[in-house]
Amino acid sequence: MYQAPRGTQDVLPEDQPYLATIEAAIRRMAGLYGYRRMDTPIFEATSLFVRGVGEGTDIVDKEMYTFEDKGGDSLTLRPEYTAGIMRAYLEHGMHTRPQPVKVYTIGPIFRYERPQAGRFRQHTQVDVEAIGESDPALDVEIMSFAAQLYSELGFTGLSFQVNSIGCPVCRPGYVHSLVQYYQQHREAVCPDCRRRLARNPLRLLDCKEERCQPVIEAAPRVEHDLCPECSRHFALVLNYLDRLGRPYVLNHRLVRGLDYYTRTVFEVWAQGIGAQNALGGGGRYDGLAQAIGGPHTPAVGFASGIERAVLLMREQELAVAATPEPPLLVATQGDEAKAAGVSLVNAWRGRGVGAGLSFGERSLRAQLRQANRAGSRYVVIIGPEEMAAGVAAVRDMASGEQETLPLAVVVEALSARVQPTQERDG
Ligand code: AMP
């Protein structure tokens with residue numbers, strides 16, 4: 001028997017209402033904040049991620065699904081959204097449109113990670129990006145989008161972690177003092193951190209190893225090294241957050257995994273979503289466009305994992321709207337009656353009324369049981385006797401009452417009784 005590949009999962013029909021609820025909330029937020037949907041390919045040139053996300057990051061060093069296609073090109077299943085969105089912005093000359101260009105997208109992301117609760121090799125992200133503007137108010141708009149999305153879904157107990165990691169002017173000085181400090185503590189830290197010291201020093205700050213914690217606590221803090229522009233930008237971000245009354249935690253250890261971030265970084269943490277606690281995260285990435293060969297283009301965005309949001313909805317027992325079943329079910333006995341049933345459901349569906357036919361050759365009793373389980377409102381029963389009399393027995397499943405209607409009027413009569421079927425999600 002085959003199983004879904006390790007780290008992937010099937011989303012069964014009964015799980016879909018969670019996704020539908022989350023997607024509806026995202027679409028609502030996008031409307032409120034003025035973000036339009038855009039989609040990019042599931043795979044991109046490998047070098048886009050190597051240059052954009054950066055060598056020395058976990059994603060590029062260890063986690064990419066990279067393959068050579070039959071034409072010999074190296075492609076990679078997207079391990080994150082931002083590089084592809086920025087590629088599209090540059091490719092389509094979107095800098096000529098009113099700035100910032102505000103977009104969002106939803107789709108699968110692929111990372112070769114060690115699977116565990118809340119961590120998959122294929123997961124789904126909603127990604128929200130605002131490109132072409134450096135105003136700190138835009139950073140706060142992105143954070144507010146995230147915050148309102150989570151609060152509309154009903155999440156409670158979230159924690160907003162915020163930091164600034166500076167820019168190419170001030171970060172090198174900070175990284176230099178960090179490296180100097182770590183060199184004095186080389187023996188105290190884990191082997192991973194010794195590797196990070198050479199490849200990606202900022203990541204030293206988010207090491208989870210017990211033995212590294214005291215070293216991190218006493219490490220130099222970036223806030224003291226921010227240049228005046230970065231300090232001012234961060235002060236404004238915090239000022240706007242304060243004015244909104246939005247609680248946050250200043251976290252000097254928050255650096256995020258990817259090279260392209262500048263200035264503002266943030267994460268939203270939650271309890272009960274597996275070994276990881278990040279529900280979403282993002283920040284400003286003014287350096288990305290240049291890293292992938294474009295002109296300087298400031299931008300800010302965030303991404304949120306849909307599977308972790310579903311875990312949290314279940315954990316916090318939040319309500320989702322169930323997918324409605326068709327209100328009508330036609331149960332038949334005999335060939336003639338089945339033929340009449342095929343026509344009836346076709347007539348209802350053609351009018352926009354949801355209807356199902358009971359298939360196979362089961363007893364009427366079994367068909368009624370099926371209607372009960374499916375939650376049908378009315379069952380239309382046609383056996384040989386009804387056929388002979390040109391009628392259908394209509395049973396109201398809520399009251400158990402049954403009436404007889406001529407076949408010639410049953411379509412009209414029941415259409416009037418049930419609402420038109422709403423758009424189905426499944
Ligand atoms: P990141 O760009 O790594 O911060 O990812 C953004 C969001 O995607 C995270 O906050 C998680 O909610 C989600 N996410 C990232 N990696 C995974 C994964 N391997 N499995 C499930 N969700 C993930």
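**Ground rules**

I worked on a predicted model, where local features need pLDDT of at least 70, side-chain atom pairs count only at pLDDT 80 or more, and totals for chains, interfaces and linings use all residues. Residues are numbered from 1 along each chain as its sequence is written, and side-chain values use heavy atoms, with hydrogens and water left out.

**Helix 5 and helix 9**

I looked up helix 5 (residues 136-153) against helix 9 (residues 228-244). Helices here are DSSP runs of H or I with at least four residues, strands are runs of E with at least two, and both are numbered from the N terminus. The two helices pack at about 45 degrees, with axes 8 Å apart. Axes are lines fitted to C-alpha atoms over the stretch in contact, and angles run from 0 to 180 degrees between N-to-C directions. The pair is therefore oblique (under 35 degrees is roughly parallel, over 145 roughly antiparallel, 65 to 115 roughly perpendicular, the rest oblique).

I then listed the contacts (heavy atoms within 4.5 Å). From helix 5 come Pro136, Ala137, Asp139, Val140, Met143 and Ser144. Helix 9 answers with His233, Leu236, Val237, Tyr240, Leu241 and Leu244. By class the contact has nine nonpolar, two polar and one charged residue (Ala, Val, Leu, Ile, Met, Phe, Trp, Tyr, Cys and Pro are nonpolar; Asp, Glu, Lys and Arg are charged; the others, Gly among them, are polar).

**Cavities**

Next I searched for cavities (sets of points on a 1 Å grid over the protein atoms alone where a 1.4 Å probe fits but cannot get out; lining residues have an atom within 4 Å of a point). I found two of 30 Å³ or more. Grid points are joined across faces, edges and corners, and volume is the space filled by probe spheres set on the points.

Helix 3 (58-63) and helix 7 (191-199) each give two or more residues. Helix 7 has the largest share, three. I counted no nonpolar, three polar and six charged residues in this lining.

Ile22, Val126, Leu149, Tyr150, Leu153, Ser304, Gly305, Ile306 and Ala309 line it. Helix 5, strand 11 (299-305) and helix 11 (306-315) each give two or more. Helix 5 leads with three. Here the lining has seven nonpolar, two polar and no charged residues.

Methods
1 Å grid on protein atoms, 1.4 Å probe; cavity = no way out; pocket = protein on both sides within 12 Å on 5 of 7 lines; lining within 4 Å.
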